[in-house]
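Q: I have a structure open and want to go through a few local details. Can we start with the helices?

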Amino acid sequence: MLSKKSLQQQFASEYKKFYEIPLFAEQGFARQVCKLCGKGFWSTTEQPDCGDSAHRPYAFFRAKPRTETYSSFWKKFEDFWKKNGHTIVPRYPVLSRWRDDLPFTIASIVDFQRLEQGKVVFEYPANPLLVPQMCLRFPDIANIGVTGRHFSCFMMAGQHAFNAPKEGYWKEECLRYNFDFLTNVLGVPKADLIYGEDLWNMPDFSAFGPSMESFAHGLELVNSVFMQYRATPTGGFEELDTKVIDVGWGFERLLWYYNGTPTAYDSVFAKPLAFLKRQAGLHVDQDLMDRYAKISSGLDVESVVNLKQEKQKIAQSLGLSMAELEKTIAPMQAMYAIADHARSLLFALSDGALPSNAAGGYNLRVLLRRSLGFLKEYHFNVELEQVMQLHAEDLKPIFPELYENLESVFDVLAVEKRKYGTSLEKATGLARQVVAEQKPITTQKLMTLYESHGITPELLEKASAKPLEIPTDFYQKLTERHVMEKSNSTEDDPDSSALGTAGAGAKKKVTLPDGLAATKLLYYDDAQLRQTHATILHVDHTHNVVVTNQTVFYPEGGGQAADHGTMDGTEVPDVQKQGSVVLHFVKDATHFKAGQKVHLQLNWDRRESISRHHTATHIMIATARQVLGGHAWQHGSHKDEDEAHVDITHYEKPDSATIAEIEIAANKIIQEARNVTVQQMDRGVAEQKYGFRLYQGGGAIGKTIRVVIIDDYDAEACGGIHRTKTNQIGLLKITGVEQIQDSVIRLRYKAGPKALEHVQKQEQLLADACAALSVSPDQLTGAVHRLFEEWKAAKKDAEKAQEVLAESYAHKLVQDALLHKPHGGNLPPQVNKEVPYTNMKLLELVATLVSQQVDCVLWTPDGLYVAATTEASLQDAKQLLQAAGAKGGGTKRFARGKKS
């Protein structure tokens, strides 16, 4: 079996084949072996090690740092690659809409990767190219702001070339560009440049190859990966069909090196940090920060076993106490983290992501709440929106869309801040309770506290009067649990959208014989075809399944319900697809056999209704985006005969006016009789023309995709059956809206005759209500309000009467208890009695009144219990409750519970 270690050893032993290039000899680079880690590297001078920061401290800081901005340095970078024949392509979204296995774009090469039958293939718009790809990664959250170099959002400036030698270029030319840029643009002296040998691989070795890491003064500037091989079943490896140059330039690091500032944050976030310091009135001891930066640059919080001891070492080396370290350094670390998190959120929210309690949105909420926590903890007089706006202004020359999307970003933030404010007070109280328990706080416990109550490590530390031992791997473990989740609805079948076929995974699995031919899908050739003759290829009498050579039945998939109908008069109540074979589930398969000719007949009314609902769904998605904002994406859908629904990502449940706006706008598009056409398109061509909005139902998994286009309104990859014009949908009526999970709403609707039936039923209900109240429709609202107010008044009078009776009942209980006082001893009088009430409020009232004179335990017939004691009582109400066999809690004087 292949392993990274064995491949590294093999590549190193054959370094002339895998690493050596003519450039090295021309420029005087000779191969050496690191005495510390054993890796091979290339340098023009004798070096003690391979240049990795694990072996040597950073040594590129400048006494007077440069002030090159992010945008101006990008112009230098971009100009170099343009001059050298690379096409500059716009960044892709930070949400990888084209990949169902990744919620976020984690590397520039992800932009050009597509999945086909479990294998990665490449879709590239130019060759060679450079992309300013912003990436999101979350495992290092605890390091951000502390180390001076970690980011949750960063630009991987992707230099890519594909398919050498037919296209693009390969190793020699790649490293020549590398050398040219590093020495002539970044200004790295040739004598300080080190090329380290390494290897990059996919976890399953489906793609791997040698890589060259470029170091200068302890900093890794870029990693050049030559994706060249794949594993073979025999344990060896072979050349890939398409070789790929995958060079990820860490743009933040390049700017950091060029400017020579104490931390990367000082270069990348110069304007937002200046604003934060000014607003907070923070005066930084620059000499202290410079000394701290040199120490922290080698720190990795999550690899430290005892963070407290590590901080003590840092404080000691700086000549500070722990208290002084926290006072002087911690506020600056918080500012760095806020600047980083604000930029990450700006990109994510601008691209349509939403913070939530599931999948990738979970990680965004962690960043948001961590930022708000820092702002509150250090009393920074700053709003997160202000920091985001500064980022948007700073990055406008490269990414103008950030500034254009600020309004919608701020709308999302406003809702999230309200949620945070609501939960913070409760979380703070619980944090104090956890600290008071004085029990060890494990990573698992901390994760449970965060996921259940929003309690962060920072909140626990603030709640404690003394230092706590907080696990350093909390954020890493937390994000590992959520970062790889991809929230696709189980109701939707993304495969169908990409392949242009119905559901790739049947719900009812049956065993099929090997070599069974694929079913010809006649509905794609002629969507109006209602019947056909077919030949039976296979019958499964156990499951009542019949497979034919062709079919007019659409199998369930892509959120579209299956067609129904008959096969030679026998009912077909369900149709599924398993691989490329359509399964007809019939009521009784006993009279069917292989080779038999059969007649297939659709339930056409059902097909017509479902196709209306499916076409309406496309309109609803596009209209929701138009009304709610660019963050609105399909999260799932279902289209059936009587009704359809679509789940949309949105941060709050819309009000009735917004729903009415969506309904009016959707019906307008329907009435305009726009053409609905279907095109089989090359995936790359479709993406370039329509963007990633194509993939509402999931990422593309085929080179050719079926695109459903509504003229000048919407285009989606989809395998469903649709109308040919929008006006064939008829009336569309939204019948309900609900929030089905955090940041996801469900819109229910009916189309055509089903919508008319719904409206007529509603009208009948209105007429019945008017008749019952003897009013006209325009008087109904007023009549209902009056009736409601009268009901509330009557209810209030009834409650008041019940309270008077309860007072009388309590007085009688006390008198009976005093009258029948226990004989002998000093036992006080006490009431233990089932009361004739089912209302907890009345039960508590009686107990409160009784306990003014005697202790009591009272309960209702359905098992609600209350215990109460007098002010002078020596008894404990909670113990009385427990003695009565009820479970609950309360205070010494008053407790409530329930007995099952």
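**Helices and a buried histidine**

Q: How do α25 and α26 cross, left-handed or right-handed?
A: This is a predicted model. In it, the crossing of α25 and α26 is left-handed.

Q: Which residues make the contact?
A: From α25, L766, A769, C770 and L773 take part, and from α26, L780, A783, V784 and L787. By class that is eight nonpolar residues, with no polar and no charged ones.

Q: At what angle do the axes cross, and within what distance do they come?
A: The axes of α25 (residues 753-773) and α26 (residues 780-819) cross at roughly 55° and come within 11 Å. An angle between 35 and 65 degrees counts as oblique, so α25 and α26 are oblique to each other.

Q: Switching to α5. What should its length be, and what are its end C-alpha atoms apart?
A: Helix α5 covers residues 171-185, so at 1.5 Å a residue its 15 residues should span 21 Å. The end C-alpha atoms are 21 Å apart, which agrees.

Q: Which residues in α5 are buried?
A: K171, C174, L175, Y177, N178, F179, F181, L182 and T183.

Q: And what follows α5?
A: G187 follows, and its phi is positive, near 80°.

Q: Now H645. Where is it found?
A: H645 sits in strand β22, residues 644-649.

Q: Is H645 buried or exposed?
A: Buried: the relative accessible area of H645 is 6%, and the cut-off for buried is under 20%.

Q: How far is H645 from G559 in sequence and in space?
A: They are 86 residues apart in sequence, and 9.5 Å apart in space, C-alpha to C-alpha.

How values were computed:
Residues numbered from 1 in each chain as written. Predicted model: local features only at pLDDT ≥ 70, side-chain atom pairs only at ≥ 80, totals over all residues. Heavy atoms only, no water. Helix = DSSP H or I, 4+ residues; strand = E, 2+ residues; numbered from the N terminus. Expected span 1.5 Å × (residues − 1). Buried < 20%, exposed > 50% of the residue type's maximum accessible area, 1.4 Å probe, protein only. Axes fitted to C-alpha atoms, helices over the stretch in contact; angles between N-to-C directions. Parallel < 35°, antiparallel > 145°, perpendicular 65-115°, else oblique. Left-handed = near helix turned anticlockwise from the far one by under 90°. Contact = heavy atoms within 4.5 Å. Nonpolar A, V, L, I, M, F, W, Y, C, P; charged D, E, K, R; others polar.
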